[in-house]
Amino acid sequence: MTETFRTTLPLRRADDADPAVSGPLQSAQKAMGMVPNMYAAMANLPALLESYNFAYGKFRSEGGFTPVEQEVVLLAISRVNECHYCVAAHSFVADAMSKVPTEVTDAIRADQPIADAKLETLRRFAATMTESRGNPSPPEAEAFLAAGYEETHILGIILALSAKIISNYSNHIFHTEVDPAFAGRAWTPPA
């Protein structure tokens, strides 16, 4: 990968004078006990943070996947997009909240097959959707459906992609520093 532009925009704060900035950051602080650096970066354009939160929340609540499957999708997309921040954050969430077996998370981080065949099919298809920019081949989609997923799950992956494009790309241009809470699962893209 070539060198990525780095924005000069600051990380915004929950005590910002602009309520469009401070409101969502205060909500994050209350809900998570912290303002993730990613949120503080995206808050420079409040509509970006709002769009991310909306798409991410809808994927979590209505995407059609179990919590473990959600992490597989989000990690696979972030891994393909080489987002160091999101791979670290979702690895932490997978471990601490979604209860994803560490061997599943570690396989995705290393771009290795997952032992569970259905989760591996999901990982592979989420990666395919990312790499192909939403243009899976008929055999790739058929393999996904044959694993027990439905066509609406493909739409769920598109929803996840929309949220991850916002976060992954924002983190790229901000070179977002991984928060201390996620540092134990820091990840660096392969050279």
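Let me start with a word we need: two residues are in contact when they have heavy atoms within 4.5 Å of each other. Hello everyone, and please keep in mind that this is a predicted model.

With that in hand, let's visit Lys164, which lies in helix α9, residues 151-174. Leaving aside residues up to four places away in sequence, Lys164 touches Tyr52, Leu74, Ile77, Ser78, Cys86, His90 and Tyr169. Is Lys164 buried, or is it exposed? Lys164 is buried, and yet it has no salt bridge. The nearest side chain of opposite charge belongs to Glu71, and that is 8.1 Å away.

Now for the rings. How many aromatic pairs does the count come to? It comes to eight. Take Phe59 and Phe65: their ring centres are 6.0 Å apart and their planes sit at 45°, so we call this pair tilted. Phe59 is buried, at 1% relative accessible area, and Phe65 is buried too, at 7%.

Phe65 also pairs with Tyr149. Here the centres are 6.1 Å apart and the planes are at 55°, so this pair is tilted as well. I like this one, as it links distant parts of the chain. Phe65 is in the loop between α3 and α4, while Tyr149 is in the loop between α8 and α9, 84 residues apart. Both Phe65 and Tyr149 are buried.

Stepping back, Phe59, Phe65, Phe125, Phe144 and Tyr149 form one aromatic cluster.

Terms used: Residues are numbered from 1 along each chain as its sequence is written. This is a predicted model: local features need pLDDT of at least 70, side-chain atom pairs count only at pLDDT 80 or more; totals for chains, interfaces and linings use all residues. Side-chain values use heavy atoms; hydrogens and water are left out. Helices (H or I, at least four residues) and strands (E, at least two) are DSSP runs, numbered from the N terminus. Buried means under 20% relative accessible area, exposed over 50%, partly exposed in between (1.4 Å probe, protein chains only). Lys and Arg count as positive and Asp and Glu as negative; His and the chain ends are not counted. A salt bridge is a side-chain nitrogen of Lys or Arg within 4 Å of a carboxyl oxygen of Asp or Glu. Rings of Phe, Tyr and Trp (its six-membered ring) pair if their centres lie within 6.5 Å; planes under 30 degrees apart count as stacked, over 60 as edge-to-face and the rest as tilted.
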